[in-house]
Amino acid sequence: ATLLYTIKFEVFMAMLRFAGVQMLVTADKALNLQKASDCIARAAKAGAQLVSLPECFNSPYGNQYFAEYAEKIPDGPTTKYLQNLAKEHKVYLIGGSIPEEFDGALYNTSLAFNPNGDLVAKHRKVHLFDIDIPGKIRFQESETLSPGNSVTVFDVNEFKVGIGICYDLRFPELAHLMRLKGAHLLVYPGAFNMTTGPIYFELLTRSRAVDNQVYCASIAPALDESASYHSWGHSTISSPSGQIVDSVKHEEGIIYCDIEMGVIDGVRESIPTWKQKREDVYKVVNVSDQ
């Protein structure tokens with residue numbers, strides 16, 4: 001007698017549930033931290049494994065506020081608060097950004113924690129927001145802040161996640177270097193304003209996703225019309241092919257996306273631009289590696 005066996009193979013592709021928190025930020029740091037806590041709890045309950053807060057989530061955004069709200073890292077209260085939240089909810093957590101004081105200088109800094117509460121990455125905003133659009137908006141972060149100098153990528157299970165902050169989103173070279181470090185998802189906590197936001201925020205998010213064949217998320221504070229700086233809001237997640245997966249408008253909310261390795265691989269195999277780059281003609285390099 002002949003025995004026939006049927007063997008069924010099931011392929012499980014890695015998946016990571018991401019949540020981006022668009023929250024209203026006030027002048028009350030304690031209230032901001034409590035709101036962040038509530039939102040992270042909601043996201044974790046909804047199955048999120050990686051949660052990001054927005055830029056300057058613990059303080060108002062503005063040169064007049066950075067020194068007042070700045071903290072030491074890792075010994076400041078916000079860092080310890082975020083560590084405890086990551087540990088409590090068993091999530092990877094990107095703490096948006098906070099004003100950091102180090103050695104007499106101020107930075108706009110993002111921190112990432114693992115589910116054990118360990119600090120696993122720190123990104124200081126590389127490109128400072130210095131613009132002057134006559135009759136609309138002038139802002140010079142360089143009047144108070146110093147720039148960071150690093151390309152930041154950290155591990156989340158099978159995935160690698162890159163971090164930039166707000167104006168960093170405009171610079172494709174930085175995103176390119178994060179992709180070279182293996183990034184599958186780029187996260188940009190960012191508070192674009194009511195002038196630049198409607199034109200560029202979604203466009204740049206989708207562009208960085210398509211350029212690098214990665215998921216890209218831009219996470220903003222909600223609009224507070226009583227604040228001195230008006231955030232455009234409109235937090236957005238783009239797929240590697242430039243499709244909007246989830247977004248919100250001006251109001252508070254949480255956006256979600258399942259980051260799928262199979263989708264990333266499919267886009268990269270279908271249109272293999274990263275295998276077709278002409279490094280005999282042009283090349284993007286990380287200067288710190290030279």
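**The sheet and its helices**

Mentor: In this predicted model, strand E10 (residues 159-163) and strand E11 (residues 185-189) pair in the parallel sense, and three bridges join them. In general, strands of a sheet pair through backbone hydrogen bonds, in either a parallel or an antiparallel way.

E10 and E11 belong to an open sheet of six strands, ordered E9-E10-E11-E12-E13-E14, with mixed pairing. At the edges stand strand E9 (152-156) and strand E14 (244-247); each has a single partner strand, so one side of each is left without a neighbour in the sheet. From one strand to the next, the twist averages 20°.

Next, the helices. H4 lies across E9, E10 and E11, and runs at about 140° to E11. Helix H4 (residues 172-180) also packs with helix H5 (residues 197-212), at an angle of about 45° and with the axes 10 Å apart. Because of that angle, H4 is oblique to H5. The crossing of H4 and H5 is right-handed.

As for the residues involved, H4 contributes Pro172, Ala175, His176 and Arg179, which meet Arg208, Asp211 and Asn212 of H5. By kind, the residues of this contact of H4 with H5 are two nonpolar, two polar and three charged.

To put the part together: H4 lies across E9, E10 and E11 of the sheet, and H4 packs with H5 as well.

Technical notes: Residues numbered from 1 in each chain as written. Predicted model: local features only at pLDDT ≥ 70, side-chain atom pairs only at ≥ 80, totals over all residues. Heavy atoms only, no water. Axes fitted to C-alpha atoms, helices over the stretch in contact; angles between N-to-C directions. Helix = DSSP H or I, 4+ residues; strand = E, 2+ residues; numbered from the N terminus. Parallel < 35°, antiparallel > 145°, perpendicular 65-115°, else oblique. Left-handed = near helix turned anticlockwise from the far one by under 90°. Contact = heavy atoms within 4.5 Å. Nonpolar A, V, L, I, M, F, W, Y, C, P; charged D, E, K, R; others polar. Pairing = 2+ DSSP bridges.
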